[in-house]
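Student: I have a predicted model before me. Could you please take me closely through the aromatic side chains and their surroundings, explaining each step of the reasoning?

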Amino acid sequence: MPYRSQHLLTEGPLLDANGHLVEAGYATNLCRRYDRSAVRAGKTRIKEWDYYLVTGDEMALALTIADNSYMGLDSVSLLWLGEKPHERTKSMMRFAPMGRTGLPADSARGDVQSAGKNYRLRFHNDGAERLLTAHLDDFQDGKPLDAEIRLTAAPRETMVIATPFAGKPKHFYYNQKINCMRAEGSVTFDGRTYRFHPETAAAVLDWGRGVWTYRNTWYWSSLNAYLDGVPFGFNLGYGFGDTSAATENMLFYDGAAHKLEHVAFEIPRTMEGRDDFMKPWRIRDNDGRLDLIFEPVLDRASLTSAIVVKSDQHQVFGRFTGRAVLDDGTVLRPEGLMGFAEKVYNCW
């Protein structure tokens, strides 16, 4: 439901003839139509990606296919979140795909695939279910990885937001998060097969299309789990763009979205004033509907600096405990549910 200062998007094209956002705001479906050919900013500035994260009891798998115009990025991450948490990420770059990756203009259906020397990724979506497959000849130390994950039970409501950038009328970010899809499948690596069971495993799709400013910082947190057997999760985020029309903060319960306004991540600091990502965080909203303690177990940190491209990423996995209030006043109390919260600084 519309919430205070949050503007609900209407239907129609995303961009006008000048490449400007027709309207900024949020929705629960892709009511605005994205068309890459309507972008009027420099063609090397267009960024498009599909990022899937599958989270199980003590394992997670992340798969990315991204076309950032001047650079393509395909990535696979396998994360062990139980005893002795650790992770392995392998990323492959492609030179100047400029849209040839063929990422779909909406998330309802359509396939995307990418391949290179000794690897291939494919996201198949027939409109009813999604099949994610990945193969790498050498994921680590010459050992291959194979993954096949089937996603079903997409929720009827999702998080959608159209965000402008102040002073940059041809820049925008159009984003959908499809939370709490039911996940089933397996990953085989280093002589072991890790299974995701549909009773306990859930997935999120981060579907992003837009033209970004060069330098930005974002905060994002996502939970995809089950609360007493019912799909429950959230999308929380802020830090970039002009969010005066709407924010991307939502709770999800049994397929329905519940809109929050503003949130803040309270990340502990060291004595020297730096972020201390592995100590407990607190995440709260401005209206008393969300109050979470986040207990980290693993920081998937990545620092890249390559001439004009720089990135400092901390995607922290851990367990959420606390209180969340739905639109109708129902109080939910998650206890130790696995998800992540991140802080990312990019120059790209």
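**Aromatic pairs and their surroundings**

Tutor: Let us begin with Phe165, which counts as buried because its relative accessibility is 8%, below the 20% limit for that class. Phe240 is buried as well, at 10% relative accessibility.

The whole structure contains 28 aromatic pairs. In one of them, the ring centres of Phe165 and Phe240 are 6.2 Å apart and the ring planes meet at 25°, so this pair is classed as stacked. Phe165 belongs to strand S12 (residues 159-165), whereas Phe240 sits in the loop between S17 and strand S18 (250-253), so the pair ties together parts that are 75 residues apart in sequence. A second pair is tilted, because the rings of Tyr173 and Trp212 have their planes at 55°, with centres 4.8 Å apart. This pair, too, links distant parts of the chain: Tyr173 is in strand S13, and Trp212, 39 residues away, is in the loop between strand S15 (202-211) and strand S16 (215-227). Both Tyr173 and Trp212 are buried. Elsewhere, ring pairs gather Tyr219, Phe234, Tyr238, Phe265, Phe277, Trp281, Phe294 and Phe320 into a cluster.

The largest core has 51 residues, and the members that touch the most others are Leu61, Leu78, Leu145, Phe172 and Tyr174. Strand S13 supplies the largest share of this core, seven residues. Another core of 25 residues lies apart from it and includes Phe265, Ile267, Ala324 and Leu337. In soluble globular proteins, nonpolar side chains tend to be buried together.

Phe232, in strand S17 (residues 230-238), is buried because its relative accessible area is 1%. Beyond its sequence neighbours within four places, its contacts include Tyr226, Phe252, Tyr253, Ala324 and Leu337. Lys177, by contrast, carries a charged side chain and lies in strand S13, which spans residues 168-189. Even so, Lys177 counts as buried, because its relative accessibility is 3%. Beyond its sequence neighbours within four places, Lys177 is in contact with residues including Trp220, Asn235 and Glu248. The side chains of Lys177 and Glu248 are joined by a polar contact of 3.3 Å.

Charged groups also meet rings directly. Arg88 lies over the face of Phe139, 5.7 Å from the ring centre. Likewise, the charged end of Lys259 sits over the ring of Tyr26, at 5.1 Å from its centre.

Finally, side chains of opposite charge can pair when their charged atoms come close. The structure has 15 salt bridges. One of them joins Asp50 to Arg209, with the closest N and O atoms 3.1 Å apart. These partners stand 159 residues apart, Asp50 in strand S4 (residues 46-55) and Arg209 in strand S15. Asp50 and Arg209 are both buried. Another bridge connects Glu129 and Arg150, whose closest N and O atoms are 2.4 Å apart. Glu129 lies in the loop between strand S9 (119-125) and strand S10 (130-140), and Arg150 in strand S11 (residues 143-152), so this bridge ties together parts 21 residues apart in sequence. Glu129 is partly exposed, at 27% relative accessibility, and Arg150 is also partly exposed, at 33%.

Technical notes: Residues are numbered from 1 along each chain as its sequence is written. This is a predicted model: local features need pLDDT of at least 70, side-chain atom pairs count only at pLDDT 80 or more; totals for chains, interfaces and linings use all residues. Side-chain values use heavy atoms; hydrogens and water are left out. Helices (H or I, at least four residues) and strands (E, at least two) are DSSP runs, numbered from the N terminus. Buried means under 20% relative accessible area, exposed over 50%, partly exposed in between (1.4 Å probe, protein chains only). A polar contact is a pair of N or O atoms within 3.5 Å; within protein, one must be able to donate a hydrogen and the other to accept it, and residues adjacent in sequence count only if both atoms are side-chain atoms. Contact means heavy atoms within 4.5 Å. A nonpolar core is a set of buried Ala, Val, Leu, Ile, Met, Phe, Trp, Tyr and Cys residues joined through side-chain atoms within 4.5 Å. Rings of Phe, Tyr and Trp (its six-membered ring) pair if their centres lie within 6.5 Å; planes under 30 degrees apart count as stacked, over 60 as edge-to-face and the rest as tilted. A charge sits over a ring if NZ of Lys or CZ of Arg is within 6 Å of the ring centre and within 35 degrees of the ring normal. A salt bridge is a side-chain nitrogen of Lys or Arg within 4 Å of a carboxyl oxygen of Asp or Glu.
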